[in-house]
Amino acid sequence: MKYRPVLLKVLLMALVPLVTFAQDGSKIKFGKISKEDFKVQLPEKDSGAHALVIAEIGSSEFETDADGFRLVYKVHRRIKILDKNAYDLATIRIGLYKEGSDEERIQGLKGISYNLENGEVVETKMETSNIFTDKQDKNHVYKKFALPAVKEGTIIEYTFSILSPYYRNLRSWDFQGTYPRLWSEYKVSVPEYFDYVQIPQGYGKFFIEEKKVGRTNMTFLSRNGAGPSQMGTATPTVYNWRWVMKDVPALKEEDFITTLDNYVRRIEFQLSAINYPNEPSKPIRTTWNALMTALQKDENFSEAINNNNGFLADVTDNLVKNAKTDTEKAMAIYRWVRDNYTCNEHGSMWASHSLKSVFNTKNGNVAEINLLLIAMLKRAKLEAYPVILSTRDNGLVYPYYPLLTRFNYTLASVVLDSAITSLDASDPLLGFGKLHPGCYNGDGRMVNADAYIIPYAADSLREQKFTSVSLGKLEKGEWKGSFQQRPTYFESYGIREKVKEKGPKEFFKNYQQKFSAWDMEMQNENINDLKELESPVMVQFEFTLKPGEEDVLYLNPLFSEITKQNIFKSAERNFPVEMPAVFDEVYSFNMEVPDGYEVDEIPKSGIVKFNEDEGVFEYLIQHSGNMIQMRCRVRLTKATFAPEDYTDLRSFFDIVVNKQAEQIVLKKKK
C-alpha cells in the first residue's frame, strides 16, 4: 500500500538530497580501479572462500515525485572472484514490485568487469543487451544482468538505484553472507513525517553505528480546490543513520542450527507511524490482536473459520456418528483428512483454492488441507482455529512486532478437554497431535481475536530412545543374541518413511552393516507398531555372531549404538546450538561370559555431568560371576545452548565418544 500526504499537500518537486555522508574507510568510486586493487587478499580465517566482497555500500533516502513521496534505494558493490565456484556472483537478480499503475523502477544500472592482463587493468563494460526482465507474476518482476569477461581473479563492480512508491517497504540490509566482506555499509535518511521500527538481528559489533539529526528544505505544490496551485516549502527534521561492519567473516553452515539466516547480521524496518504537518499522527504499527482479527476476515482463512460449509455435512456426520467423546470425533476427522488428501506444497501459509475445490480434488497445499480440517472440525461442533507459525528452515518470528511476512505455515488446532491440540493433516505419517520437528521453532499464533500464543519450542519436545541387547552362550563358534529398540518418535517417523519407500528388508540391512565387526546373521526381524502413528515403533530381531576361534575376543557392548564421532566438529562456534528436540538415550546390555573364557579387561564405570543439571552421561558396567551388565545413558535436559556453552558441550561429547569406544576384552583360559 502507498501513502501520500494530505495536509502537507501533494509534493511535486524533487526533494533536495537529505544528507551527504563521508565514506570513512570506503573510498571506492565506481569505475576507478588500479593494479593495487588486485592485490587484496582473503582474511586468514576465510582462506577457503571462493570470492571476496571488497566493499558494498547501500543507502535509502526519501525524494518526492509527482505522486508524492518515494524511496530511493542505492547499491554499489565491488567483488573479487577468486575461482570458478563464485562465477554465479556475476549474474545478478534484482526484485521489483508493482501493483496497478504503481511500480518500482530501476535506474542507473551499470556494471564493469576488471581483469589484470600483462600488468595492466583491462575493463569490460556490461552492454544493455545483457539486461533482461523476468516477470514472475502480476506483482513481481526481476531485472537480471550478467557481467562479462569473468574468470578467476576478475573484479566485478555494479551499481543501481531502485525508485519505489512503496515507502512502507524501507529495504533491509545484510552485513554478512556466504563470502567474507571487507566493508559493508548502509545509510538511511528519514524525514520526520515517518517513524520506522528498527529490527536488528545477528551477532557481531558494528565498526560504525551513528545517528545524526539535520534539516533540509523541500519544495512542494499546494492545491486549493479548483484554484491555482501554489509553490511552498518545508524544512523538516531529517534523521540520518549509518551502520558499518568491517572485516566481516563469511557465514558458514553448522550442524544443529535452524537456519543460518537467523544469524545474518541484518537491520530491517517497519513503518510504525505517519506524522504529516497539521494532522494527528497516524499509527501504522499494528498489534498481534488486530492482525489476527484481520486474518479472520481474510478470504484465505474466513472460509474455514466463518462459513457454514454445508458441502461437508454428509462426510463429517458419517465420520463422527459413532464417536462418544470430542477427542474421538477429532481423531476420526483428522485421520480421514490425513489419509485421503495429498499435500502438493509444504511451507504455505495461504490458501490458493476454495475449500470446496480442495475437498473435491483431494489435494492442496499445507494451508488448504489444514483449513479443510478446521472446517470439518467446526462442522462437528468442535472449537477449532488455524495456527500460523514459521518453520525452522524459514527462520524465527520477531516476537515484539507483528510481521506477517515471517510466517510460512498454517496448522489446525482444536480445543479438547480445555487443552489445545495442534494438528497437521498434510503429512500421511504423522499421528494425531503430532507435528514435524521442523514446526518447533518458537511461538505460533492462533488466528482468533485473542491472538493466543502457542509455544512450539524445541526445548518442549522430548524424545526418548530405549535399546536393549543381550548375548547368550557361545556354542560351536556361534554367539546368539537379541536386539530390541524403541526409537524416538521422530526416528520412528524416519523408519516408517524408509519402510514405506523401500520395504523392511532394506531397512534391516542398515543394522547388519554397522552392528559388529564379526560376521553376523539376523533372524526373526520385526517392526511392531508401524501403523500406530501416535506411537514410536518397536524394532526387534535375533542375531548370530561368529567371532571365530580367537584366543582374545574384543567386544564393544554398544554394537550399532556407539557414538563414533563427536556430533560437534568445529573447534569454535559463534551461534547457538539448536537441536531439534531434548533427547534421552538409554542403552542396556547383558551377556554371559563364554565358557572357556575369562574377563581380561572391562571398561570402568563413570558419570559425567554437563553444566550441573543440563546434561548427564552415565556409563555403568559390572562383572559378577559369569555375567556382564552395562547401562549407558546420554541425556540433555534442553535443546538450545548459548554460543558460550559450545566448548564445554563439545568436550562433553568428546568424553561420550572416547568412553563408548572402550571394549570388553575376553581371553581363553589356560
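This is a predicted model: local features need pLDDT of at least 70, side-chain atom pairs count only at pLDDT 80 or more; totals for chains, interfaces and linings use all residues.
Me: How do you know that the span of helix α7 agrees with what its 14 residues should give?
Reply: Count it out at 1.5 Å a residue: residues 489-502 should span 20 Å, and the end C-alpha atoms of α7 are 20 Å apart, so the two agree.

Me: Why are some residues of α7 called buried?
Reply: The cut-off is under 20% relative accessible area. Tyr489, Phe490, Ser492, Tyr493, Ile495, Arg496 and Val499 are buried, so each of them falls under that value. As for the spacing, residues three or four places apart in an α-helix point the same way, because there are 3.6 residues a turn.

Me: What covers those buried residues of α7?
Reply: The cover includes β26 (462-475), α8 (504-514), β28 (519-528) and β29 (538-546).

Me: What makes the largest nonpolar core a core?
Reply: Its members have to be buried nonpolar residues joined through side-chain atoms within 4.5 Å. This core has 64 residues, and Val337, Leu373 and Leu377 touch the most other members. Helix α6 (residues 366-379) gives the most to it, with 9 residues.

Me: Which residues does Leu373 touch, leaving out those up to four places away in sequence?
Reply: Ile333, Tyr334, Val337, Ala412, Leu423 and Ala425.

Me: What is in the second core?
Reply: The second core is separate and has 53 residues, among them Ala458, Phe508, Leu553 and Ile628. In soluble globular proteins, nonpolar side chains tend to be buried together.

Me: What makes the second largest pocket a pocket rather than a cavity?
Reply: A pocket is an open set of points, whereas the probe cannot get out of a cavity. This pocket holds about 870 Å³ of space. Of its 32 lining residues, Lys465, Glu491, Ile567, Phe583 and Glu585 lie nearest the centre.

Me: Which elements supply at least two residues each to the lining of that pocket?
Reply: β26, α7, α8, β32 (582-592) and α9 (646-660). The lining residues divide into 18 nonpolar, 6 polar and 8 charged.

Technical notes: Residues are numbered from 1 along each chain as its sequence is written. Side-chain values use heavy atoms; hydrogens and water are left out. Helices (H or I, at least four residues) and strands (E, at least two) are DSSP runs, numbered from the N terminus. The expected span of a helix is 1.5 Å times one less than its number of residues. Buried means under 20% relative accessible area, exposed over 50%, partly exposed in between (1.4 Å probe, protein chains only). Contact means heavy atoms within 4.5 Å. On a 1 Å grid over the protein atoms alone, a cavity is a set of points where a 1.4 Å probe fits but cannot get out, and a pocket is an open set with protein on both sides within 12 Å along at least five of seven lines; lining residues have an atom within 4 Å of a point. Grid points are joined across faces, edges and corners, and a volume is the space filled by probe spheres set on the points. Ala, Val, Leu, Ile, Met, Phe, Trp, Tyr, Cys and Pro count as nonpolar, Asp, Glu, Lys and Arg as charged, and the others, Gly among them, as polar.
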